[in-house]
Number of protein chains: 2
Amino acid sequence: MQFLTPTLTVNVSAIVANWQTLRAQFSGRETAAVVKADAYGLGMVEVAIALEKAGCHTFCVATLGEGISLRAALPDVRILVFHGVQEGEEFAFRQHRLVPALASRVQVERWKPVAVEFPHAVSALHVDTAMARLGLQMDEFTAWLAAEPELLKQCRVGLVMSHLACAPEPAHPSNAQQRDAMQQLRALVGEDMPMSLCNSGGIYLPRDFHFDLARPGCALYGIAPQDGGTNPMQQVAQWDAPIISTRVLERAQAVGYGATQTLPKGARMATVATGYADGYLRHASGRGAVGYVGEYRAPLVGRVTMDMLCFDVSGVPEALLGDGAMLTLLGDRDGIRVDDVAAAADTIGYEVLTRIGPRVRRIYI
Amino acid sequence: MQFLTPTLTVNVSAIVANWQTLRAQFSGRETAAVVKADAYGLGMVEVAIALEKAGCHTFCVATLGEGISLRAALPDVRILVFHGVQEGEEFAFRQHRLVPALASRVQVERWKPVAVEFPHAVSALHVDTAMARLGLQMDEFTAWLAAEPELLKQCRVGLVMSHLACAPEPAHPSNAQQRDAMQQLRALVGEDMPMSLCNSGGIYLPRDFHFDLARPGCALYGIAPQDGGTNPMQQVAQWDAPIISTRVLERAQAVGYGATQTLPKGARMATVATGYADGYLRHASGRGAVGYVGEYRAPLVGRVTMDMLCFDVSGVPEALLGDGAMLTLLGDRDGIRVDDVAAAADTIGYEVLTRIGPRVRRIYI
C-alpha cells in the first residue's frame, strides 16, 4: 500500500536531453556525466543507466563507495573517482576498475607501484590551476615531471584534469588564467594526452577552454550553467508534498515558530508534510519562497519547520484543496525552478537538489 | 572491508542521559521522546530502543511511515504520529496500533467511525494555541464540543496536545498565552484528560506550563532547550571526515569556488571528504566555522563545496596530518558543538543534525 508522502518526480528523459544539449555545445571529443552525490540527489543508478544508453561512456563520482555502487550497475563504462585513492583502497580500485583522479603527491606515489604491476590500473591526474582544493600544484608538478619524465607513463595516466573555480561568471579573470595554465600543461604533457577542464559552466565558455573531455554535472540536472541570461536546460525534478491540513484563520494570527509573520483573519492556510528534515532549506523562511497548487501560486508563510511547511492558499480555489491534494515546491514554473528555490534560500541549486532527503519518495519518468 | 569515509558517532548513552535529565526536570507525569526525522538524523531505531530500555514508553514521530518503522522495532510502546491520519491510512494506523494526533476537523471526522468500531483505536487531539500550523482552532473546538459533548469519547481521545511556538525564549508573551489557552482547554475537557504542551524548551519553563506529558526532541540530541545561559545537555554526536589531501601553498592563493578567500604563501591546507551533499550547510562559508584535528583548531576556508571542505591547518602539527587523519566538524569542543555549528551556518541545531546525509557512516556507542 502506498501512503501519501512527499514525492520527487525525476524526469530522466530531460536529464538525457540536457546531456545531449551539452554534448552538442561542447567542441571537444567526449562529454562525460557527473553523477556524484547520488546524481545530485536524484538517483545515481537510474540516471547513469539512462545516460549510458544515450551514449555516455565516462561517469564521474566523488568517492570510492559511489564508484563501487555505480560499477555494480554499469560493468563497461569508465568511472572516474574525484577524491583519488586513499591508503588501503588500491585493491578496491583495481577490483572494480575505477580510475582514481590522483589529487596529491602522496596519491601519485601510492598509485605508481599499482600501475607498474597491473596493466589495467589506469589513472587520471588532477592538477590544481586555481581552486587550491585538490590536485598537484603547478610548480610542484612541473618540477616533478622534469625530474621524472616517465612519471605519467608509470602511473598509467590517461587524463590530465583541472577544475574551473569561477566558470558560471564568464568575465572572471580566474577563467583565463586557468585556460592558460592548461595550455602550459598541454605543452608539458604532450599533445597526445587527453585533457579535461570544463564543468557545465566551462562548456559555455569559448572553445579554447574546451580541451578534450567535458564533465558536466549541475546543468544535467536543470541548473543554469552560467549566471544571468536564459537557462538552456530543461527542468528535471518536481517535488510535491501532501497537504495534511487546511484552515481559515478565525482571527489575525502569527504563523509558526518565533511568531515571525502574521496573516489576517479569514486567510486560508495549508500545511504540507515536508520540511527542512527533507531538505527544504530553513533559510527559505521569510524570503519570498512560493509553492503551487495546480497553476495557482501560494506564498510560503512563517518559518520552515522540520516536517511541515505552511502556505497561504487564499488565492487557490477551495476545490483544489481537498483530500489528497499536493502542493508543488520545486518544478517547472516561475518561482519554483531549481535556481529560483535556491535563490529564495540564498544558496545554489546544487545544495537544493543534493539534500532532498529519504522521506521523499523518488518516482522516475 | 571498511574504507575511510566520513563518520557520525552517536553516543546513545548521552541521549539516554539527556532524557533522564529532562525527566528529572519535568514535573508532569510522563516524559516521552520525539524521534521523528530518523531521531533528528541520528537513527530512530537505535535511539528509541535505548530510550525504551531506560523507561521511556511514549515516542513521537511525524509520519505514518516513521510510525510503522518504529512499531517493527518496538512492539509495546505508545507511538504518537504528529501529522495525524490522512485519507486511506485508517487501517494502517489500526494495524500498527499507532496513535494519530488528530490535527483538523477533517481528521477528527475521519477517525470517529474507526474509533467507534474498534476499541483499541485510541487517538490524541491536537489543538492549536498559537502556531497556526496544525490542530483545531480554539473557537472551532470549543463550539464543536459544546454541540457534541461526546466527541472526545467517540474518538477515543487519550491526550489533548498543543505545541509551543516560542519556548526557547522564556519571556516571549506567546508562551503565557499558550499556557492560558491550555488551562481553558483543561476546563473544557475535564481534569481527567491527560494534556501535553511541553517540548524541550517548555520543560525549562515554570511548572504551570508542564501539564501531564512532555515531548522533548532537540534537547535529547544535545541542542540547548533555551536560548542563552548554560546548555544542560550532553553533546551526543561527533562528525569526522577524512583528510584526503594536504598542501603547503606555493604562493598566496584564492581558495575554492568564486575565489572568495585568499591564504598566504606557505599556509598549510587540508581538504576533507565531506560537503553540503552530506549536510554541512553551504551557509557556513565565510562565517567563521572551524574544525579540529585532535585538540588543534582549524578554520574553514573558502566556500563549502558539494563533497569537500578546505581547512587552514597551519596551526596543526604535521605529524597529525598523515594518512588516515580525520578532522572533526561537530563534537564536544568549543566552536563545534551542535549549536555552534548551527550559528556558523546562521540556522538552528535541528537543521544541522537532520540533514547529515547517507554517505556519512553511523557508528553507535
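**Close-up views of a predicted two-chain model**

**View 1. The loop around B:D346.** In this predicted model, B:D346 is placed in the loop that runs between helix 11 (338–344) and helix 12 of chain B. Although B:D346 is not a glycine, its phi is positive, at about 60°. B:D346 has 13 C-beta neighbours inside 10 Å and therefore counts as partly exposed, since that class lies between the 12 or fewer neighbours of an exposed residue and the 20 or more of a buried one.

**View 2. The loop around A:D346.** In chain A, the loop between helix 11 (338–344) and helix 12 (349–354) holds A:D346. The phi of A:D346 is near 60°, which is a positive value in a residue other than glycine. With 13 other C-beta atoms within 10 Å, A:D346 is partly exposed.

**View 3. The loop around A:G55.** A:G55 sits in the loop of chain A that lies between helix 3 (44–53) and strand 4 (58–61). Is A:G55 buried or exposed? A:G55 counts as exposed, because it has 11 C-beta neighbours inside 10 Å. From A:G55 to A:L164 there are 109 residues in sequence, and the distance in space is 25 Å from C-alpha to C-alpha.

**View 4. The nonpolar core and the surroundings of A:L327.** The largest nonpolar core has 262 residues, and the residues with the most contacts inside this core are A:V35, A:F311 and A:L327 together with B:V35, B:F311 and B:L327. When neighbours within four places in sequence are left aside, the residues in contact with A:L327 include A:D240, A:I243, A:V272, A:Y292 and A:V293. A:F311 is also one of the contacts of A:L327.

View 5. Chain A has 12 helices and 20 strands, and its C-alpha atoms fill a box of roughly 80 × 45 × 35 Å along the principal axes. Of its 365 residues, 56% count as buried. Among the contacts in chain A between residues at least 6 apart in sequence, 64% join residues that are at least 24 apart. The domain assignment divides chain A into domain 1 (12–221) and domain 2 (237–364), and the centres of these two domains, taken over C-alpha atoms, are separated by 38 Å. Where the domains touch, domain 1 of chain A gives nine residues and domain 2 of chain A gives nine residues. On the side of domain 1 that touches domain 2, six residues are nonpolar, two are polar and one is charged.

**View 6. The contact between chain B and chain A.** Here 61 residues of chain B are in contact with 61 residues of chain A. Several elements of chain B each supply at least two residues of the side that touches chain A, among them helix 4 (64–73), helix 7 (138–147), strand 12 (237–248) and helix 12 (349–354). Which element of chain B provides the largest share of this side? The largest share, four residues, comes from strand 12 of chain B. By class, the side of chain B that touches chain A has 28 nonpolar, 19 polar and 14 charged residues.

**View 7. The axis that relates the two copies.** Chain B can be laid on chain A with an RMSD of 0.0 Å by a turn of 180° and a shift of 0.0 Å along the axis. The two copies are therefore related as by a two-fold rotation axis. In chain B, the C-alpha nearest the axis belongs to B:R355, at 3.6 Å from it. The same surface serves both copies, as 100% of the contact residues of chain B recur in chain A.

Conventions: Residues numbered from 1 in each chain as written. Chains lettered and ligands numbered in written order. Predicted model: local features only at pLDDT ≥ 70, side-chain atom pairs only at ≥ 80, totals over all residues. Contact = placed C-beta atoms within 7 Å. Nonpolar A, V, L, I, M, F, W, Y, C, P; charged D, E, K, R; others polar. Least-squares fit on C-alpha atoms with pLDDT ≥ 70 in both. Domains from an automatic or database assignment. Core = buried A, V, L, I, M, F, W, Y, C linked by C-beta atoms within 7 Å.
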